[in-house]
Amino acid sequence: MGYTLTMLGCGVMGQAILSAIYNAPKSEDANIQSLYPSKIIACNGDATAANQVNALIKGYGSSPNGIVVDSTFGDNIKAVKECDVVILGTKPFLVEKVMNELKEVVKGKLIISIAAGWTISQLQNYSNCVSRIMTNTPAKYGYGCAVIAHSEEVSSHERELVNELISHVGVCVELPEKNMDAATSLVGSGPAYVLLMIESMMESGIKMGIPLNESLKCTLQVLEGTAKMVERSGTHPGVLKHQVCTPGGTTIAGLCKMEEYGVKNGIIKGVEEGAIVAARLGKK
Ligand SMILES: NC(=O)c1ccc[n+]([C@@H]2O[C@H](COP(=O)([O-])OP(=O)(O)OC[C@H]3O[C@@H](n4cnc5c(N)ncnc54)[C@H](OP(=O)(O)O)[C@@H]3O)[C@@H](O)[C@H]2O)c1
């Protein structure tokens with residue numbers, strides 16, 4: 001018999017994580033199987049969100065690991081009393097209110113928090129065992145990225161459990177908590193930055209006469225193909241970039257024009273700015 005996992009707040013990110021855990025393939029290894037909950041209680045603020053979770057789960061059919069989902073609203077205390085592990089997925093501004101109501105029942109339980117800006121030490125006002133995660137919306141399709149930082153009190157078994165559950169969002173990277181503000185911008189906000197690039201490249205194609213759909217299709221393939229090439233070749237992006245720069249050719253001309261407009265510096269400064277705002281969230 002497995003354990004119960006309660007998700008406090010199951011909106012955009014919560015549903016992405018719920019989907020990833022619910023649909024995770026069954027492992028042949030009994031030790032890994034034991035890291036999965038037998039029941040997930042999804043808590044939301046009202047019936048609309050709770051119905052959304054029910055519809056989502058119904059659409060998937062049964063879970064490979066036999067996980068049962070109970071979607072509720074308005075009774076966080078009961079849901080936390082019943083569980084062993086909590087995933088905290090409300091908006092950051094609601095964390096204090098939601099967790100203050102749970103002080104008596106959450107103590108001693110493992111809290112896995114996805115709330116931006118909430119530090120491990122702030123969350124330790126509620127329980128000592130805290131794993132802090134920063135992930136992103138592509139997690140909904142299994143192509144997410146998650147940065148994980150654990151408090152010292154999280155046992156090696158609990159680390160294994162968190163890393164296994166979160167691994168299904170896509171790629172997981174364990175880092176010290178000091179890197180979390182940077183990860184909030186690079187990983188959490190990252191899709192928005194890349195979407196800006198996709199939109200810009202797509203519009204450049206349209207401007208020069210390529211129809212929208214074809215322009216988008218080409219842009220996406222260039223992006224995905226380039227990412228895969230960097231990954232598979234193991235070669236530094238700068239080296240690969242110079243390999244496609246024919247002396248006096250089109251690529252170097254395009255790159256130099258982009259530099260004239262400060263594209264590279266704009267991206268670095270933009271990602272840094274996101275991290276500065278993320279750090280402010282933690283000092284509220
Ligand atoms: N979205 C992203 O790209 C992203 C990326 C990285 C990290 N995050 C982090 O993920 C967390 C959630 O963000 P989100 O975008 O998923 O927000 P969201 O879609 O608004 O989801 C939050 C959920 O919390 C529920 N909720 C509100 N009050 C509650 C209460 N008292 N008890 C239990 N549940 C309650 C809401 O339900 P009702 O609608 O019924 O009120 C809603 O479904 C945030 O802390 C954010 O920092 C998000």
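Modeller: Before we start, a working rule: two strands pair if DSSP finds at least two bridges between them. And keep in mind that this is a predicted model.

Colleague: Fine. How many bridges join strand β5 to strand β6?

Modeller: β5 covers residues 110–113 and β6 covers residues 130–134. A pair needs at least two bridges, and these two strands, which run parallel, are joined by three.

Colleague: And which residue in β6 is the bridge partner of Ser113?

Modeller: Ser113 falls in the β5 stretch, residues 110–113. Its bridge partner over in β6 is Arg132.

Colleague: Zooming out, which are the edge strands of the sheet?

Modeller: The sheet is open, has eight strands with mixed pairing, and reads β3-β2-β1-β4-β5-β6-β7-β8. An edge strand here pairs on one side only, and that picks out β3 (68–73) and β8 (170–174).

Colleague: What angle does helix α8 make with β7?

Modeller: Helix α8, residues 156–167, packs on the sheet and touches β5, β6, β7 and β8. Taking its direction against that of β7 (144–150), you get about 165°.

Colleague: On to the ligand: which element gives the largest share of the shell around it?

Modeller: There are 26 residues around the ligand, with Gly9, Gly11, Gly45, Ala49 and Ala116 coming nearest. The elements giving two or more residues to that shell are β2 (39–44) and α1 (12–22). The largest share is three residues, and it comes from α1.

Colleague: How many residues of that shell are charged?

Modeller: Nonpolar residues number 12 and polar ones 12 as well. As for charged residues, the shell has two.

Definitions and conventions: Residues are numbered from 1 along each chain as its sequence is written. This is a predicted model: local features need pLDDT of at least 70, side-chain atom pairs count only at pLDDT 80 or more; totals for chains, interfaces and linings use all residues. Helices (H or I, at least four residues) and strands (E, at least two) are DSSP runs, numbered from the N terminus. Two residues are in contact if their C-beta atoms, placed from the backbone, lie within 7 Å. Axes are lines fitted to C-alpha atoms, for helices over the stretch in contact, and angles run from 0 to 180 degrees between N-to-C directions. A residue is near a molecule or strand if its C-beta atom, placed from the backbone, lies within 6 Å of it. Ala, Val, Leu, Ile, Met, Phe, Trp, Tyr, Cys and Pro count as nonpolar, Asp, Glu, Lys and Arg as charged, and the others, Gly among them, as polar.
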